[in-house]
Amino acid sequence: MSLFLLSFFLVYGSMHVYALLKARSALAFGPGTTLALLPLLAVLLCAPILTYSLSRNGHETAARAVAHVGYLWMGFLFFLTWLSLGTDLLRLLLRVPVRFGIAADTATVLAGRTAYLCIALLSVALSAYAIVEASRIEVVRVRIVTDRLPASVPSLRIAQITDLHLGLIHRGGKAREVAAIVAREHPDLFVSTGDLVDGQLDGVAELAEILRGIPATRGKFAVFGNHEYYAGIERTIAFTRKSGFTLLRDETVTIDDAVRIAGVDDPAGAQFGRTGAPSEAALLGNRPDRRFTVLLKHRPQLDPATGGKFDLQLSGHTHHGQIFPFRLLTRLVYPLLAGDHPVPGGGILHVSRGTGTWGPPMRFLAPPEITVVDIVRSAPGDPG
């Protein structure tokens, strides 16, 4: 945790210092204004830590207020920082070839008050748009034709949510919206592939009843992401089960002798003392004939030893970067960032962009999704 805090204050603190220096340079305010802004920026910098402390000590109302202000500021600051960095880079490029003429004049204008105010206003506009985008959940449809369903089950529909992050930011409104969308799709199976909850579960117990009311004729299943562990494993288990999900922790179940669901625990469990889990390959074993196998796994990583052992892997975790251009960094860690990807040995990996948000309640060029997978039995003679 100390390493995390050090990294957090180093990166996020640097953004605040940079923003302050840019504002001071462009607006030409003096030492008095700078000193007056320092306490406010210090509070905003520490808002995520203060939110955590307040929620852990039972001050939920105050924690929610601080969370909303602090995370909205975080999103705005992210836009302000990358737009300012882009402008500084452009200024540098304009000054390198020539130090006079139109290029030099443009570089000077980009450093001025008007340019800074335009960047600040654009950051506000992008933040507002990102809030709207985060509120509009898209239904992403995946269709799979296969010969691995028995004649008794000609088709199967799976609805997937992931990274909903119910907690201080997302509450009843988000849960009811998700429930309405999923119910309209009439899924046979309803699955959650992790981060159903955020870092604190106070005040969200009643949301379990909303999720419990979502119909799924053949069952509801869930696996853990990393945030389930941050929220507290015992409370998370109780919440997930109360929500109507069968929890799969390195386990498999077979439904109607037609589909096999395998669920693996998130690697974050090892940091919280979970040991002795079987390997994915051992869990999956040999893929049975005429039985479609679905692997639920929070992180979109492929284990080379499991190639050919499942037909469909459903994952999340990446949020598709959530706020562009953060996606470019996320892709360095998770190259299979979003969408459908072929699996060596056969099968498909679908990586959801996520249904909720983490941190800022914003999304930019990464809209939230609920995934609906239609698995259809191929007719005799058709390619499966």
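The lining of the second largest pocket divides into five nonpolar, three polar and seven charged residues. Here Ala, Val, Leu, Ile, Met, Phe, Trp, Tyr, Cys and Pro count as nonpolar, Asp, Glu, Lys and Arg as charged, and the others, Gly among them, as polar. The model is predicted: local features need pLDDT of at least 70, side-chain atom pairs count only at pLDDT 80 or more, and totals for chains, interfaces and linings use all residues. Residues are numbered from 1 along each chain as its sequence is written, and side-chain values use heavy atoms, without hydrogens and water.

**Pocket**
- The lining comprises 15 residues, with Asp-250, Val-264, Asp-265, Asp-266 and Pro-267 nearest the centre of the second largest pocket.
- A pocket is an open set of points on a 1 Å grid over the protein atoms alone, where a 1.4 Å probe fits, with protein on both sides within 12 Å along at least five of seven lines; lining residues have an atom within 4 Å of a point.

**Helices α1 and α5**
- Helix α1 (residues 2-27) packs on helix α5 (residues 113-135) at about 140°, with axes 8 Å apart.
- Axes are lines fitted to C-alpha atoms over the stretch in contact, and angles run from 0 to 180 degrees between N-to-C directions.
- Helices are DSSP runs (H or I, at least four residues), numbered from the N terminus.
- α1 and α5 are therefore oblique; angles under 35 degrees count as roughly parallel, over 145 as roughly antiparallel, 65 to 115 as roughly perpendicular and the rest as oblique.

**Helices α1 and α2**
- The axes of α1 and α2 (residues 31-56) come within 11 Å and cross at roughly 150°.
- That makes α1 roughly antiparallel to α2.

Technical notes: Helices (H or I, at least four residues) and strands (E, at least two) are DSSP runs, numbered from the N terminus.
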